[in-house]
Amino acid sequence: MAFAKEQLEARKKGIGASEAASVLGLNPYRTPLEVWMQKKGLVETVETPAMRLGTRLEPVIAEMYREATGTGLYQSGTLYYQKNHILYATPDRLFLGDVKKGLEIKTANARMAESWGEPGTDEIPQHYLIQCILCMAVTDLPEWDVAALIGGQDFRIYNIQRDVDLENSIIEKLLEWWETYIIGNREPDIDASQACADYLAIKYPRNFKPLKEADAGTEQLIQRLAEVRYSLKSLKEQ
């Protein structure tokens with residue numbers, strides 16, 4: 001299932017909180033090149049099964065959080081960083097009343113449980129932490145909660161306090177990346193991701209055609225070519 005066309009076009013115009021860690025090279029599941037390709041319209045953003053499941057579970061986990069804390073929640077839509085609209089965030093939930101914080105909702109399988117620390121701390125996976133940091137910058141709120149459902153039954157709540165110095169450092173790097181790679185149209189470094197392989201196949205189609213088995217005559221020519229190249233190298237050294 002692909003995202004709506006309007007949503008895809010909006011994402012091309014800036015860096016979202018969920019993309020920040022990828023841009024910084026700190027997301028183990030998505031590289032800067034993948035973000036760049038999507039911003040440039042070279043690949044389509046497709047909803048994965050894990051993303052689809054997370055979307056379906058989001059209201060369930062939000063209700064679990066509400067029951068655990070007694071706080072009212074609402075969805076705000078996309079919000080933009082006041083100092084530079086290149087940066088934006090779409091918080092999962094904000095709080096009704098005078099509660100000055102937001103909420104991100106996450107799911108993780110049981111194998112990823114060790115990536116999450118003790119409930120009540122800020123010990124969450126780094127790419128989620130960076131997402132929360134940018135959400136706080138966009139909303140100008142002093143703290144952020146993360147409600148996580150791990151392994152389908154382990155519900156936990158984490159809390160992140162705002163660190164303005166760290167926030168400014170991250171924002172500076174994000175804006176620098178946008179200026180260099182999107183405005184400046186420079187390509188990010190090649191990496192080992194499937195997205196990179198797909199990009200190279202698009203850019204250099206002749207070099208990435210399927211290989212075919214060599215017959216006996218072709219193998220002899222390849223061996224002869226190797227011998228000639230070795231001879232040339234020896235002659236140049238001499």
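In which helix is Leu 235 found? Leu 235 sits in helix α8, residues 216–237, with helices (H or I, at least four residues) and strands (E, at least two) taken as DSSP runs and numbered from the N terminus. The model is a predicted one, so local features need pLDDT of at least 70 and side-chain atom pairs count only at pLDDT 80 or more, while totals for chains, interfaces and linings use all residues. Residues are numbered from 1 along each chain as its sequence is written, and side-chain values use heavy atoms, with hydrogens and water left out.

On to the surface around that residue. Leu 235 counts as exposed because its relative accessibility is 57%; here buried means under 20% relative accessible area, exposed over 50%, and partly exposed in between (1.4 Å probe, protein chains only). Together with Val 228 and Leu 232, Leu 235 forms a nonpolar surface patch with about 260 Å² of accessible area. Patches take residues with over 30% relative accessible area and no salt bridge, joining like charges within 9 Å and nonpolar side chains (Val, Leu, Ile, Met, Phe, Trp, Tyr) within 5 Å. The areas come from the Shrake-Rupley method with a 1.4 Å probe, and for residues only the protein chains shown count as cover.

Helix α3 (residues 32–39) is another story: 7 of its 8 residues are buried. The buried set runs through Leu 33, Glu 34, Val 35, Trp 36, Met 37, Gln 38 and Lys 39. After α3 comes Gly 41, with a positive phi near 75 degrees. Pro 32 and Trp 177 are 145 residues apart along the chain, yet their C-alpha atoms are separated by 9.4 Å. Trp 177 lies in helix α6 and, at 7% relative accessibility, counts as buried.

Next, the charged pairs. The whole structure holds 8 salt bridges, each being a side-chain nitrogen of Lys or Arg within 4 Å of a carboxyl oxygen of Asp or Glu. One of them pairs Glu 19 with Arg 30 at 4.0 Å, N to O. Glu 19 lies in the loop between β1 (15–16) and α2 (20–23) and Arg 30 in the loop between α2 and α3, so the pair ties together parts 11 residues apart in sequence. Glu 19 is buried at 4% relative accessibility, and so is Arg 30 at 17%.

Arg 93 and Glu 58 meet in a salt bridge at 2.7 Å, N to O. This pair links distant parts of the chain, with Arg 93 in strand β5 (residues 93–95) and Glu 58 in helix α4 (residues 49–69), 35 residues apart. Both Arg 93 and Glu 58 are buried.

Glu 63 and Arg 66 form a salt bridge at 2.6 Å, N to O. Both lie in helix α4, 3 residues apart, about one turn of the helix. An α-helix has 3.6 residues a turn, so residues three or four places apart point the same way. Glu 63 is partly exposed at 32% relative accessibility, as is Arg 66 at 35%. Elsewhere, salt bridges that share partners join Glu 19, Arg 30 and Lys 39 into one network.
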